[in-house]
Amino acid sequence: MKPMIILSALVVAAPAMAQQSFAAPEGCEAVLTVQNKGCVMTNVWQCAADEPGDQWIALLTQAGVFSVQKVDAEFQWVEAYKVTGNERLITPAEDPASLTTLFETQIDTWDFTLETDEGTERNVGFDMLTGETTEIDGEVLLNTEFQGRTIDGDGNIIDASSGRQYVSEEHRLFFFGESWSDDTPDQVIDMSPVEFIYPGEPGFFADRPLYECNVIESGFRP
């Protein structure tokens, strides 16, 4: 799918704010909505034309769609279209992200490079299972810890962060948790899930986040 096709399809429902609706592109099936803390929500869909296991994730704030990202069955960031610029995974990755490795060995290291509108960005880090689980709105999620660095084409570290997230073996998706910049570890951003909403349930594929809006969004950092 081309980025303009994706974004145009998603924007179809945006003007009708009163009905709080959102639309997956033609040929795709909406599968999950997650309402998070921090005035953030995600809508997830799958498309018949994609590889098995590929999923699309739209991240929405109170201002609307912030990004649309495609991940594969291992949760590699294949491509993304954001208000801050587009991204594409350069393959093969030096050390591909792998959910299979994470589930089997409790830890997954990754080292991959994205082609962005401003050049290349190398991402290096790890995800680790803590051995604990958390149940949120009926979903049993595995607890993780992560550390990561983003390095520009000149070798400068442009982001270094750590945190705790959740991962689902059923959905093969990561979900937000708590994160902080390594420079300011006392400034924790919590975007943990609050609700998991499925087709036919109220609020499925809505276009507005519900929780902690006008409170934390000013500090939102994806």
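**View 1. Pairing of strands β5 and β6 in the predicted model.** In this predicted model, strand β6, made up of residues 85–89, runs antiparallel to β5 and is joined to it by four bridges. The two strands form a hairpin, with two residues lying between them. Within this pairing, Ala80 has Glu87 of β6 as its bridge partner.

**View 2. Pairing of strands β4 and β5.** Strand β4 (residues 64–71) and strand β5 (residues 77–82) are likewise antiparallel, and five bridges connect them. Ala80, whose bridge partner in β6 is Glu87, is also the partner in β5 of Gln69. The hairpin of β4 and β5 has five residues between its strands, and in this hairpin Phe75 adopts a positive phi near 65 degrees.

**View 3. The largest nonpolar core.** Phe75, seen above in the hairpin of β4 and β5, is also one of the residues with the most contacts inside the largest nonpolar core, a set of 19 residues in which Leu99, Val167, Leu173, Phe175 and Phe196 are listed alongside Phe75. At least two residues of this core come from each of β1 (28–36), α2 (99–105), β8 (119–136), β9 (139–152), β10 (157–168) and β11 (173–181). Another core, of 15 residues, lies apart from this one and includes Met41, Cys47, Leu60 and Val68.

**View 4. The surroundings of Leu173.** When residues up to four places away in sequence are left out of the count, Leu173 touches Val44, Gln55, Ile57, Val71, Phe75, Leu99, Tyr166, Val167 and Ser168. Among these neighbours, Phe75, Leu99 and Val167 are, like Leu173, listed with the most contacts inside the largest nonpolar core.

Key
Residues are numbered from 1 along each chain as its sequence is written. This is a predicted model: local features need pLDDT of at least 70, side-chain atom pairs count only at pLDDT 80 or more; totals for chains, interfaces and linings use all residues. Side-chain values use heavy atoms; hydrogens and water are left out. A nonpolar core is a set of buried Ala, Val, Leu, Ile, Met, Phe, Trp, Tyr and Cys residues joined through side-chain atoms within 4.5 Å. Buried means under 20% relative accessible area, exposed over 50%, partly exposed in between (1.4 Å probe, protein chains only). Contact means heavy atoms within 4.5 Å. Two strands pair if DSSP finds at least two bridges between them.
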